Amino acid sequence: MRIAIVSVGVLAVVAGAAMALGAGSAAAQPLDQIDDVRLAIPLDHTATAALAGGPIPAVVTMFVPPSRIGAGLKNDSAIYRDDRGAVHATLRQVVLEAAGHPDGTVTVYLNAPGTRDGRVLDIYQHWN
């Protein structure tokens, strides 16, 4: 039960941090994905760059172990992925790579406790 309580607390912190980057604007519009049991928060390029350069990735990883964070990398990502599909990068590196592209963005997914193989957070990169 402790894991579920911690996960809910972490989700609240991550959601609050993502909302601080621009909720209510085009920067971050949460989209519930009830069927997928998660909340999607797509960030625009400005919010992605702010996330990459700010304290949020470090704060999140103080509470969420790397094994509970997933990354959806673009096919042309320079980040190393091993033969088992494990990503070898920090949360900041994943966001920073997307922010380094002129049209780069990320979508932050807050997963319900006990879903997605125990991952609390997934972050997907986007750029053309």
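Biologist: Is Tyr109 buried or exposed?
Modeller: Tyr109 counts as buried because its relative accessible area is 12%. Buried means under 20%, exposed over 50%, partly exposed in between, with a 1.4 Å probe and protein chains only. This is a predicted model: local features need pLDDT of at least 70, side-chain atom pairs pLDDT 80 or more, while totals for chains, interfaces and linings use all residues. Side-chain values use heavy atoms, without hydrogens and water, and residues are numbered from 1 along each chain as its sequence is written.

Biologist: What sits over the ring of Tyr109?
Modeller: The charged end of Arg38, 3.9 Å from the ring centre. The criterion is NZ of Lys or CZ of Arg within 6 Å of the centre and within 35 degrees of the ring normal.

Biologist: How many aromatic pairs in the whole structure?
Modeller: The search finds 1. Tyr109 and Tyr124 pair edge-to-face, 5.1 Å centre to centre, with 75 degrees between the planes. Tyr109 is in strand β4 (residues 105-111) and Tyr124 in strand β5, 15 residues apart. Rings of Phe, Tyr and Trp (its six-membered ring) pair with centres within 6.5 Å; planes under 30 degrees apart are stacked, over 60 edge-to-face, the rest tilted. Strands are DSSP runs of E, at least two residues, numbered from the N terminus.

Biologist: And Tyr124, how accessible?
Modeller: Tyr124 is partly exposed, at 32% relative accessible area.

Biologist: Switching to Asp122. Which residues does Asp122 touch?
Modeller: Leaving out residues up to four places away in sequence, Asp122 touches Arg38, Gly70, Thr107, Val108, Tyr109, Asn111 and Arg116. Contact means heavy atoms within 4.5 Å. Asp122 is buried, at 2% relative accessibility.

Definitions and conventions:
Helices (H or I, at least four residues) and strands (E, at least two) are DSSP runs, numbered from the N terminus.
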